Amino acid sequence: MSRTWIVLGVVVLLVLGIAAMGVGQYNGLVQAREGVDASWAQVDNVLQRRADLIPNLVETVRGYASHEREIFTAVSDARSRLLGARGPEDAAEASQALDSALGRLLAIAENYPQLRASEQFTRLQDELAGTENRIAVERRRYNETVRDYNARISTFPTNLFAGMFGFPRREYFEADAGAREVPRVDFGGE
């Protein structure tokens, strides 16, 4: 076997090795991106669930406090903005606006004892609280998935393939700075 054939064989093996590594890296990046998209779909599902609860809650409150039109409009606008949000940053801002409007809507109950005693209102409040917990869980899962993905596309040699094949960094679904403060709502009325 001539020396040329040996060199050629080594070059072919190197090229095949690099190609196999590239295919492996690309497939891993695609799986990571799909994981981020699947996590976001879960966040979107629970946000949709919360948005679906709102019309019933608004109608229940409206039944007792029909003259509070301003807050009904604010909740409706915030809900529409959340449903039209594109991406985690828009959704986080819209979710914050909806949280604020819902807080004001729920605070209205303080002025209407019959509303507070309503079984339907209590049930909707409980469902809303459960949905908020689901949102928090899915937000955490999404952010963990994004953290892993962003770390993966930033480390060598994956960063070379990520740049070559167009895998950009993904946004976190972060809560607004004001959301870190615990809201104070008193339904006791005492």
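**Entry 1: the loop between α5 and α6**

I started at Pro-157, which lies in the loop between α5 and α6. The model I am reading is a predicted one, so I keep that in mind throughout. I looked up the bond between Phe-156 and Pro-157 and found a cis peptide bond, with omega at about 0 degrees. I noted this one down because most peptide bonds are trans.

Next I asked: is Pro-157 buried or exposed, or something in between? Its relative accessibility is 22%, so Pro-157 counts as partly exposed. Buried would need a value under 20%.

Gln-25 is found in helix α1. I checked its accessibility as well: at 17%, Gln-25 counts as buried, whereas Pro-157 counts as partly exposed at 22%.

I then listed what Gln-25 touches, leaving out residues up to four places away in sequence. Thr-158 and Phe-161 came up.

**Entry 2: α1 beside α5**

From Gln-25 I moved on to the helix that holds it, α1. How do the axes of α1 and α5 lie? They come within 9 Å and cross at roughly 165 degrees. The two helices are therefore roughly antiparallel to each other; the cut-off for that word is an angle over 145 degrees. I also wrote down that α1 passes α5 in a left-handed crossing. Sorting the residues of this contact by class gave me 18 nonpolar, nine polar and 10 charged.

**Entry 3: α3 against α5**

I stayed with α5, residues 119-154, and looked at how α3, residues 87-108, packs on it. Their axes are 13 Å apart, and the angle is about 155 degrees. That makes α3 roughly antiparallel to α5. The crossing of α3 and α5 is left-handed.

Which residues meet here? On the α3 side I found Pro-88, Asp-99, Leu-102 and Leu-106. On the α5 side I found Phe-121, Gln-125, Leu-128, Glu-132 and Tyr-142. By class, I have six nonpolar residues, one polar and two charged in this contact.

**Entry 4: α2 against α3**

I turned to the contact of α3 with α2. The axes of α2 and α3 come within 8 Å and cross at roughly 155 degrees. That makes α2 roughly antiparallel to α3. This crossing is left-handed.

The list of meeting residues includes Ile-71, Phe-72, Val-75 and Leu-82 from α2. From α3, I jotted down some of them, including Ala-94, Leu-98, Leu-102, Leu-105 and Ile-108. The residues of this contact divide into 14 nonpolar, one polar and four charged.

**Entry 5: the nonpolar core**

Last, I looked up the largest nonpolar core. How many residues does it have? I read off 43. Those with the most contacts inside it are Leu-57, Val-61, Val-75, Leu-102, Leu-105 and Phe-173. The elements that give two or more residues to this core are α1 (3-64), α2 (69-83), α3, α5 and α6 (158-165). The largest share, 12 residues, comes from α1.

Leaving out residues up to four places away in sequence, Leu-57 touches Leu-102, Leu-105, Leu-106, Phe-121, Leu-124 and Leu-128. Some of these names were already in my notes: Leu-102 and Leu-106 also meet α5 from α3, and Leu-105 is among the α3 residues that meet α2. Phe-121 and Leu-128 are among the α5 residues that meet α3.

How values were computed: Residues numbered from 1 in each chain as written. Predicted model: local features only at pLDDT ≥ 70, side-chain atom pairs only at ≥ 80, totals over all residues. Heavy atoms only, no water. Axes fitted to C-alpha atoms, helices over the stretch in contact; angles between N-to-C directions. Helix = DSSP H or I, 4+ residues; strand = E, 2+ residues; numbered from the N terminus. Parallel < 35°, antiparallel > 145°, perpendicular 65-115°, else oblique. Left-handed = near helix turned anticlockwise from the far one by under 90°. Contact = heavy atoms within 4.5 Å. Nonpolar A, V, L, I, M, F, W, Y, C, P; charged D, E, K, R; others polar. Core = buried A, V, L, I, M, F, W, Y, C linked by side-chain atoms within 4.5 Å. Buried < 20%, exposed > 50% of the residue type's maximum accessible area, 1.4 Å probe, protein only.
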